[in-house]
Protein chains: 2
Amino acid sequence: MGESTRCNEGYLQIGEAAERTELTQRTLRYYEEKGLLQPPTRMDGGFRLYSPDDIERLERVKQLKDLLGFSLADIREMLEADDVKQELKAGWRKDADSGEKAAKIRVARDVTLKQLALLDQKLAKMASLRDHLAERIEKYDGWLRQWSEDGAPEATPAGGASVP
Amino acid sequence: MGESTRCNEGYLQIGEAAERTELTQRTLRYYEEKGLLQPPTRMDGGFRLYSPDDIERLERVKQLKDLLGFSLADIREMLEADDVKQELKAGWRKDADSGEKAAKIRVARDVTLKQLALLDQKLAKMASLRDHLAERIEKYDGWLRQWSEDGAPEATPAGGASVP
DNA sequence: TAGCACATTGACGTGCGCGTTAACGTTGTT
DNA sequence: AACAACGTTAACGCGCACGTCAATGTGCTA
């Protein structure tokens, strides 16, 4: 078969996982080594098998790295809150006493809150920067208008980028 | 004198410049080496003297680095638009023909526009991430409420971070 | 003029985030 | 059984963004 319906239900080998996430195999192994993913399951021969959840996590790592420019260590920290969520999704019904559960959830909640606060700070600063840029553009346009009225007459059909 | 009213009008030596900007002397020299600043003026002996404009620029570099996580090369590019602004501020009245000026300004404007578009993309993605985090917190709170109603009764005065 | 804080260049070192190569094992097909 | 395609670990290398000496020169003060 040319098309690959290879491994069990949506589980991917490292090559395919790398393609899907647009990361390199080296990077996947590196992230595993650095504890950003819990080690994926292996085939009998030792080949890594990435679950859909693993893929999801890899995509979150990528997102965080591209977006925030954080170090992998920082990202590792941030993802620890995710882990609690995963533990919830998995078989937690029949687990230990509810006090522990609640405590863990509270920790995860607080961590997430701090992340949110941090993100809001960044967003605010970036918004401010954005406004500065916008102002500058208006100034430029002002100078250009004044120049073309006052001085030499020149057509000015500059290419524009839309700002939705 | 204990207080330092040292160099001429607001010009700072590298040590003080480093303090003001919260960067290291090494970093300042490195940024200069990499062309992020035009080389500052020197005293007779060769000591660097940073003008207020230099300080401003350093602070912008820092802001861009912290905020966006860009490489210094990227930042260098972004700052080239700033340079045009500076050229405007300086003696440009009696300069070359107005066609050149207008062309330069148009270039700067377009570069700035692209930066703005990029920033808006980032902002959008970050806002989306923010919403995800907020949703998660609500879910956590939901679980916690359900647990405390359904199961063990426990006081829950978790420390909160305000989100203005 | 001595002394001390501060600066200069130059060189080497460091941690991160991978890239690259080598030597070797596994899978699936023919 | 043979073969290509894919995977494994281990090790070295690299570019970036500086940190950290070392040897030397400068500025101000006493």
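**View 1. B:Glu32 and B:Arg48 form a side-chain salt bridge, 2.7 Å from N to O.** A salt bridge is a side-chain nitrogen of Lys or Arg within 4 Å of a carboxyl oxygen of Asp or Glu. The model is predicted; local features need pLDDT of at least 70, side-chain atom pairs count only at pLDDT 80 or more, and totals for chains, interfaces and linings use all residues. Residues are numbered from 1 along each chain as its sequence is written, and side-chain values use heavy atoms, without hydrogens and water. B:Glu32 lies in helix 2 of chain B and B:Arg48 in strand 2 (residues 48–49), 16 residues apart; helices (H or I, at least four residues) and strands (E, at least two) are DSSP runs numbered from the N terminus. B:Glu32 is buried at 13% relative accessible area, as is B:Arg48 at 19%; buried means under 20%, exposed over 50%, partly exposed in between (1.4 Å probe, protein chains only).

**View 2. A salt bridge joins A:Arg109 and B:Asp141 (3.0 Å, N to O).** The pair crosses between chains, from helix 5 (residues 98–150) of chain A to helix 5 (residues 98–150) of chain B. A:Arg109 is buried, with 13% relative accessibility.

**View 3. DNA strand C is surrounded by 20 residues, each with a heavy atom within 4 Å of the strand.** Among the closest are A:Thr24 and B:Arg29.

Technical notes. Chains lettered and ligands numbered in written order.
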